[in-house]
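Work through these exercises with the model open beside you. Try each task before you read its solution.

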Amino acid sequence: MNKYIVFDRDGTLIKHEPYLYLTSRVKILPNVIDVIKQFKEKGYILFLHTNQSGVGRGYYNIEDVIECNNKMLELIGLGDKIFEDICIADDYPPKNKSYRKPSIRFGLEILKKYKINRNQLYYIGDSVVDIETANNLKCNAIGVRTGEFDLKQKIKKEKNLKCSLFDDMNKKLVDRVIENII
């Protein structure tokens, strides 16, 4: 049985940089390359879901986001096809039928397209909206404390959010997902 992981980008895979649009500012976070490599070696299907409100706000364009994504892939160094599908939610404010997290639209499309049971799907991110997305989808939520804000403190304020929380992307996170102890 395959397992599927949706990663957030900013603050999860790369250093959080507000309104990132310059490829020179893309920096891979510690352990990310090893974690992605381990999941790929175990046959996991990976996706990317990123909110990019800077496009909707007119700070930069979608091409800048794609260039930053490509720079991230280059820095990871595991090829251009790491992610089966990439969702860039560029609207702000959110439009009707938005992909902007905590919208579950992208997650529902993945579930349907790949015929996934919700217990096979993991959302990994550094913010409350990532956890809300996973909780709204009723799939596995994993938080990493590598983003702009302290996710542990943010989650404490949101009493109804459920997730497994890790300090960063690390071997323990990988092992817990593989062993299905999330």
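**Exercise 1.** Find the handedness with which H1 passes H7, then describe the contact.

*Solution.*
Step 1. H1 crosses H7 in a right-handed way. A crossing is right-handed if the near helix is turned clockwise from the far one by less than a right angle, and left-handed if anticlockwise. Helices (H or I, at least four residues) and strands (E, at least two) are DSSP runs, numbered from the N terminus.
Step 2. List the residues. H1 brings Val-35, Gln-38 and Phe-39, and H7 brings Leu-173, Val-174, Val-177 and Ile-178. Contact means heavy atoms within 4.5 Å.

The model is predicted: local features need pLDDT of at least 70, side-chain atom pairs count only at pLDDT 80 or more, and totals for chains, interfaces and linings use all residues. Residues are numbered from 1 along each chain as its sequence is written, and side-chain values use heavy atoms, without hydrogens and water.

**Exercise 2.** Give the strand order of the open sheet and find its edges.

*Solution.*
Step 1. The order is S3-S2-S1-S4-S5-S6, with parallel pairing. Two strands pair if DSSP finds at least two bridges between them.
Step 2. Look for single partners. S3 (83–89) and S6 (164–166) have one partner strand each, so one side of each lacks a neighbour in the sheet.

**Exercise 3.** How many bridges join S5 to S6, and what is the bridge partner of Gly-143?

*Solution.*
Step 1. Take S5 (residues 140–144): three bridges join this strand to S6.
Step 2. Gly-143 has Leu-165 of S6 as its bridge partner.
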